[in-house]
Amino acid sequence: MATSRDQLGTLEAEGSSGHRGSSGVEVVLSSDPATPAPLCPHGPTLLFVKVNQGKEETRRFYACSACRDRKDCNFFQWEDEKLSGARLAAREAHNRSCQPPLSQSQCVERYLKFIELPLSQRKFCQSCQQLLLPDDEEKHHEHPVVGDVSITQLKRPSKLLYPLENKKTNAQYLFADRSCLFLVDLLSNLGFRRVLCVGTPRLHELIRLNESGGKKSNIRSLLLDIDFRYSQFYMEDSFCHYNMFNHHFFDGKAALEVCRTFLQEDKGEGVVMVADPPFGGLVEPLAVTFKKLIAMWKEGHSQDNSQKELPIFWIFPYFFESRICQFFPSFCMLDYQVDYDNHALYKHGKTGRKQSPVRIFTNIPPNKIILPIEEGYRFCPLCQRYVSLENQHCEHCNSCTSKDGRKWNHCFLCKKCVKP
């Protein structure tokens, strides 16, 4: 999931500063379960505080965890605000009205009926982004409809569905096949058998295609994603409607148990998490969510393995490195540039500042990760890891220091390498 170029300057300043700037809005990470956050249509809200010239204002407020743009979710409540019973009831009614029209189990039931239909009767409404059963056709007769939907198309729903393009909530830019194939091969070579795909629908598809196609990969995957449209295409054990900014499972305990079972299978061995959040999202709540998933994974471990870490690939812009490492000190950033199919700028092969800023942060030792030489990566024997060709080893820093794919220069006044 990516964002637009006009936001990159803001995001880069935000990410490299180590905090959200001297003025703006900061999230307050509450550790008090006795005061649960109020709910919006996207689950529990987050507590925020306005910051002006580095000073917090006294009054804090709740807002949507997933939507930073109030046009998408206008929830707002002061922390100390008392609501009447009528307002609470109206809010609950509004939240219910915003939920998907069908539950996950109802979607599964429809899908099983759909695949039994003859090819000529399998149709998909492009306006409503919905698989149609024969009884539905009358309601959609004026809408553009795709006919003869094949089983192959059903296995690649990300190519059938229109990408959601809210850059701060969904920002649904999808991995290019180059990056997707690299990730699948890497996960297989590292010996993983299960992949928890958090906001990575295309990776989930490719893993399942390899599994059903009888290829050498025997990896299984579970997709957690805020886009409920994917529930039309997967069984309950393959997809959970999920908000990664507040660890909210929209289908409740049943979906949470699906995730727990997946993580704890084989006593937690052989599983890895791959997450691709929207770049406009806040690092802090994402880190809290990922730590909750880690805790869920650890529940299935014995005390002897309590020091082990859940292997993670967090895909995010390079300029958030310091923020991510504040929460996960064992993470390092790989030089591999992730690119996206439906993004005009994030393409492999571009140079200078036009290169994709998207990188992989991981707690897997970088000397275990081989990057493709044919795509412009080389092995640095001094750093014992693969780096981009332009990333030259600095004898003063004793490291390959470039972050953005360009050659960096050592500044003796700053005592570190800097951008050209």
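Gln384 lies in the loop that links strand 18 (377-380) with strand 19 (385-388); strands here are DSSP E runs of at least two residues and helices are H or I runs of at least four, both numbered from the N terminus. The phi angle of Gln384 is near 60°, a positive value in a residue other than glycine. With a relative accessibility of 40%, Gln384 counts as partly exposed (buried is under 20% relative accessible area, exposed over 50%, and partly exposed in between, with a 1.4 Å probe and protein chains only). Asp266, in the loop between helix 8 (252-264) and strand 14, also has a positive phi, near 55°. Its relative accessible area is 43%, and Asp266 is partly exposed.

The structure is a predicted model, in which local features need pLDDT of at least 70 and side-chain atom pairs count only at pLDDT 80 or more, while totals for chains, interfaces and linings use all residues. Residues are numbered from 1 along each chain as its sequence is written, and side-chain values use heavy atoms, with hydrogens and water left out. The mean pLDDT of the chain is 87, and 85% of the residues reach 70 or more (pLDDT is the predictor's confidence in each residue, from 0 to 100). Over residues 2-8 the pLDDT falls below 50, and this stretch has 24 contacts in the model beyond near neighbours in sequence; a contact means heavy atoms within 4.5 Å.

The chain holds 10 helices and 23 strands. Of its 420 residues, 49% count as buried. Among contacts between residues at least 6 apart in sequence, 62% join residues at least 24 apart.

Eight strands form an open sheet with mixed pairing, in the order 13-12-11-10-14-15-17-16; two strands pair if DSSP finds at least two bridges between them. Strand 13 (248-249) and strand 16 (332-333) are at the edges, each with a single partner strand, so one side of each has no neighbour in the sheet. Within this sheet, strand 15 (residues 312-317) and strand 17 (residues 358-362) pair in the antiparallel sense over five bridges, and Ile315 has Ile360 in strand 17 as its bridge partner. Helix 6 (residues 177-189) packs on the sheet and touches strand 10, strand 14 (271-275), strand 15 and strand 17; its direction makes about 155° with that of strand 15 (axes are lines fitted to C-alpha atoms, for helices over the stretch in contact, and angles run from 0 to 180 degrees between N-to-C directions).

The largest nonpolar core has 96 residues, of which Leu196, Val198, Leu203 and Trp314 touch the most other members. Such a core is a set of buried Ala, Val, Leu, Ile, Met, Phe, Trp, Tyr and Cys residues joined through side-chain atoms within 4.5 Å. Helix 9 (residues 283-298) gives the most to this core, with eight residues. Leaving aside neighbours within four places in sequence, the contacts of Leu196 include Leu222, Cys259, Phe262, Met273 and Leu293. Thr200 is placed in the loop between strand 10 (194-198) and helix 7 (201-212) and is buried, at 2% relative accessible area. Not counting residues up to four places away in sequence, Thr200 touches Phe175, Leu223, Asp225, Val274, Ala275 and Asp276.

A second, separate core of six residues includes Val27, Leu46, Phe48 and Leu282. Val27 has Phe48 in strand 4 as its bridge partner, and strand 1 (residues 24-28) runs antiparallel to strand 4, joined to it by five bridges. Five of the seven residues of strand 4 (residues 46-52) are buried, so this strand is largely enclosed by the rest of the structure.

A further open sheet has three strands in the order 8-7-9, with antiparallel pairing. Strand 8 (130-132) and strand 9 (145-146) stand at its edges, each with a single partner strand, so one side of each is left without a neighbour in the sheet. Three bridges join strand 7 (residues 123-125) to strand 8, and Lys123 stands opposite Leu132 in strand 8. Helix 3 (residues 104-116) lies across strand 7 and strand 8, at about 50° to strand 8.

Glu236 is found in the loop between strand 11 (220-225) and strand 12 (239-243). The C-alpha atoms of Glu236 and Val108 are separated by 7.4 Å, although the two residues are 128 apart along the chain.
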